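Open the model in your viewer and keep the sequence panel beside it. The tour moves from one selection to the next.

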Amino acid sequence: PAEGNPLGHWEPASLVELNNQFLDENGSRWDDWRRLDITLSPARLEDFNAAISEALRSSYDQHPLFVLKDHRICRFIPFYQAIFTRAGITPFYVLPYRNPKEVAQSLEARDGMPIRYGQLLWARHVLDAEQATRGAQRAFATYDELLDDPVTCLEGIAAKLGTTWPRPARTAETAMLEFLKPDHRNFRT
C-alpha cells in the first residue's frame, strides 16, 4: 500500500530497488522522459545481471508462470531479455494501455508532476515498451478493458499469447471483481 494507491502497486520491492539503482547509475530515473542510454561498464552490467537474476530466482523460482510488473523495465527491456534468456525464461509481454490524460492526472495528483510532463513520460514508457517487444510474444490490454470486463480481458490476453492460465479466468471472476473496483479509479477521461 502507498499514498495514492491503498491496494499497492504489486511490484517486487527488491527488483524496484535494483531497477531504480540501474536507472540512477545510467543517469536517469523512473520519471525521466528522455531516451535511456546505458553507459555502464561491462563489469557493472554483469553485477546488475547477477543481482536481478538472483532477485528473480528468489521471488519466482518455484513458479512456472509468473507476473513481473514494474513500469521501469520498459526503459531497458533488452537488458532484461538477456537475463531471461540466460535463465531459460520465455517472456510473454503484456503491454497495458491507459489514456495518457488519466495517467498524467494521476501523476499530477500523486507527485505534483505537471500534466504535459506526465504526458511526455507516458509517451516515453509506452513507445519504449512497444518498440522493444516487437517480434516477441505480446498482447495489449487497455485499463478500461481490465476494469470493465476482467474475465474477457484476461481470456483475450491468454489467447493472444497462446497460453492458458493456471486458474481459468471464469473461475477467478468473483475474486477479480472484488479486487478490481471502479471506485479505486481516481481519473477517467
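What follows is a list of stops, each with something to select and a note on what is there.

**Before you start**

This is a predicted model, in which local features need pLDDT of at least 70 and side-chain atom pairs count only at pLDDT 80 or more, while totals for chains, interfaces and linings use all residues. Residues are numbered from 1 along each chain as its sequence is written, and side-chain values use heavy atoms, with hydrogens and water left out.

**Stop 1: aromatic rings**

Rings of Phe, Tyr and Trp (its six-membered ring) pair if their centres lie within 6.5 Å; planes under 30 degrees apart are stacked, over 60 edge-to-face, and the rest tilted. The count by this rule is 7 aromatic pairs. Select F22 and F48: the ring centres are 5.2 Å apart and the planes stand at 85°, so this pair is edge-to-face. F22 belongs to helix α1 (residues 13–25) and F48 to helix α2 (residues 42–60), so the pair ties together parts that are 26 residues apart in sequence. Helices here are DSSP runs of H or I with at least four residues, numbered from the N terminus. F22 and F48 are both buried, where buried means under 20% relative accessible area, exposed over 50%, and partly exposed in between (1.4 Å probe, protein chains only).

Next select F76 and Y80. Their rings form a tilted pair, 5.9 Å centre to centre with 35° between the planes. Both residues are buried.

**Stop 2: N26**

Where is N26 found? N26 sits in the loop between α1 and α2. Its relative accessibility is 8%, so N26 counts as buried. Show the side chain of N26, which reaches the backbone nitrogen of L40 at 3.4 Å. Contact means heavy atoms within 4.5 Å. Neighbours within four places in sequence aside, N26 is in contact with L36, D37, I38, T39 and L40.

**Stop 3: salt bridges**

A salt bridge is a side-chain nitrogen of Lys or Arg within 4 Å of a carboxyl oxygen of Asp or Glu. How many salt bridges does the structure hold? There are 17 salt bridges.

Select D47 and R44, which form a salt bridge with the closest N and O atoms 3.3 Å apart. Both lie in helix α2, 3 residues apart, about one turn of the helix. D47, at 43% relative accessibility, is partly exposed.

Then select E46 and R86, a salt bridge whose closest N and O atoms are 3.1 Å apart. This pair links distant parts of the chain: E46 is in helix α2 and R86 in helix α3 (residues 77–87), 40 residues apart. E46 is partly exposed at 36% relative accessibility, whereas R86 is exposed at 57%.

To finish this stop, select E11, K69, D70 and R72, which a network of salt bridges links.

**Stop 4: L161**

L161 is in helix α7 (residues 150–161). With a relative accessible area of 3%, L161 is buried. Select R138 as well: the C-alpha atoms of L161 and R138 are separated by 6.2 Å, although the two are 23 residues apart along the chain. Leaving out neighbours within four places in sequence, the contacts of L161 include F92, Y93 and V94.

Key:
Helices (H or I, at least four residues) and strands (E, at least two) are DSSP runs, numbered from the N terminus. A polar contact is a pair of N or O atoms within 3.5 Å; within protein, one must be able to donate a hydrogen and the other to accept it, and residues adjacent in sequence count only if both atoms are side-chain atoms.
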